[in-house]
Amino acid sequence: MSVAGETSTRDPADSRVAASARGDLARRLSRISRATVSESLRVLRTQAEASARRIGFTGPPGAGKSTLIARLAKARAARGESLAIIAIDPSSPKTSGALLGDRVRMDALLADTDVYIRSLPSGRSADGLSDNLADVLAAVEAEGFAEILVETVGVGQVEYGARTLVDTLVLTMGPHSGDQVQAMKAGVLETADIVVVNKADLPGAERMAQDIGSVLERNRANGRRVAPVLLAAANDAESVERLSRAIDEHTQWREQHVSRQETGEARALFHTRSLLNRRIGELIETLPSNTRGAPVADIYSHVVRLLNESG
Ligand SMILES: Nc1nc2c(ncn2[C@@H]2O[C@H](COP(=O)(O)OP(=O)(O)OP(=O)(O)O)[C@@H](O)[C@H]2O)c(=O)[nH]1
Ligand SMILES: [Mg+2]
């Protein structure tokens, strides 16, 4: 499998070319999401650097993330910017039905737009992100999209990885996630730039938004930015517009408070760590069976030696 040296052919000015270029991008992303570390490195070395606004959406399963993202993408695409949606789906075979349902719903909502949608499996990654998400986002960015919306699964560790890879992190909760708010005391809520209490057409949403708002007030006491808490519902277009404005406001806030250099350095370190984690995983899988019973310190030295040899 060779993924090196492939160049972008996307040309938004010509819809026929753009359609075939999107086919190319889809194939390239499939390869990148399954690539070995050495293949990923080859792509990275040949890829043009680019930057897109990256907006991440995270939150419990079924909170309505995909529906909200599709509606938001439709509203933002109407401004004439090129948008891509990358949805990270849990790899478990049990959820493959949900995965397809997600795509069908999003495709239907975005049928008459130019928004690019791609679902990727989360792989073995323990944090709910795709193992190769950093590579995938770099490839989508190199394609020249102005904005990338990323959907990730779950609540917990995922926020910390997503936090580094996106500019704006939107935490989406359903109106009945009260116990999850309790479970989030360890700081997950505070990592969000915007909190959305979704399905606000159902009872309990306003109460939930108030509860979250009072938890987030702790940030003010610590001299940090307090994330806005918004109510949203799929059938309420005005609520989607409010979210869109909140994202723009956060983009402006970030331009004033977080330097591009700081962001670039944090992403480069995250990317390096994810490549190293994957590489160590690859090497551990190739260990001969007689090594496996050895003392941990010996296996460790062996893997470090292999890492050096393959570096
Ligand atoms: N009542 C109500 N239902 C909604 C709303 N938005 C989405 N839903 C429904 O909630 C269910 C889950 O929606 P999704 O958009 O797939 O949620 P998700 O968070 O992407 O789900 P996963 O990707 O599986 O975690 C679907 O049956 C939607 O039709 C809403 O605003 N109100
Ligand atoms: Mg979804």
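Contact here means heavy atoms within 4.5 Å. In the predicted model, Val140 touches Leu29, Ala84, Ile86, Phe145 and Ile148, leaving aside residues up to four places away in sequence. Val140 is also, with Leu29 and Ile86, among the residues with the most contacts inside the largest nonpolar core, which has 25 residues. Two or more residues of this core are given by each of helix H1 (15–34), strand E2 (83–89), strand E3 (116–121), helix H5 (133–142), strand E4 (147–151) and helix H6 (158–165). H5 supplies the largest share, six residues. Another core, of 24 residues, lies apart from it and includes Ile55, Ala87, Leu230 and Val240.

The protein chain as a whole holds 13 helices and seven strands. Of its 311 residues, 45% are buried. Among contacts with a separation of 6 or more, 76% join residues 24 or more positions apart. The accessible surface of the chain is about 15,500 Å², and carbon and sulfur atoms account for 53% of that area.

Helix packing was examined for H2 (residues 37–46) and H11 (residues 260–285), whose axes lie 9 Å apart at an angle of about 150 degrees. Because angles over 145 degrees count as roughly antiparallel, H2 is roughly antiparallel to H11. On the H2 side the contact is formed by Val37, Ser40, Leu41 and Leu44, which meet His271, Leu275, Arg278, Arg279 and Glu282 of H11. By residue class, the contact between H2 and H11 comprises four nonpolar, two polar and three charged residues.

Definitions and conventions: Residues numbered from 1 in each chain as written. Chains lettered and ligands numbered in written order. Predicted model: local features only at pLDDT ≥ 70, side-chain atom pairs only at ≥ 80, totals over all residues. Heavy atoms only, no water. Helix = DSSP H or I, 4+ residues; strand = E, 2+ residues; numbered from the N terminus. Buried < 20%, exposed > 50% of the residue type's maximum accessible area, 1.4 Å probe, protein only. Areas by Shrake-Rupley, 256 points an atom, 1.4 Å probe, with all protein chains shown as cover. Core = buried A, V, L, I, M, F, W, Y, C linked by side-chain atoms within 4.5 Å. Axes fitted to C-alpha atoms, helices over the stretch in contact; angles between N-to-C directions. Parallel < 35°, antiparallel > 145°, perpendicular 65-115°, else oblique. Nonpolar A, V, L, I, M, F, W, Y, C, P; charged D, E, K, R; others polar.
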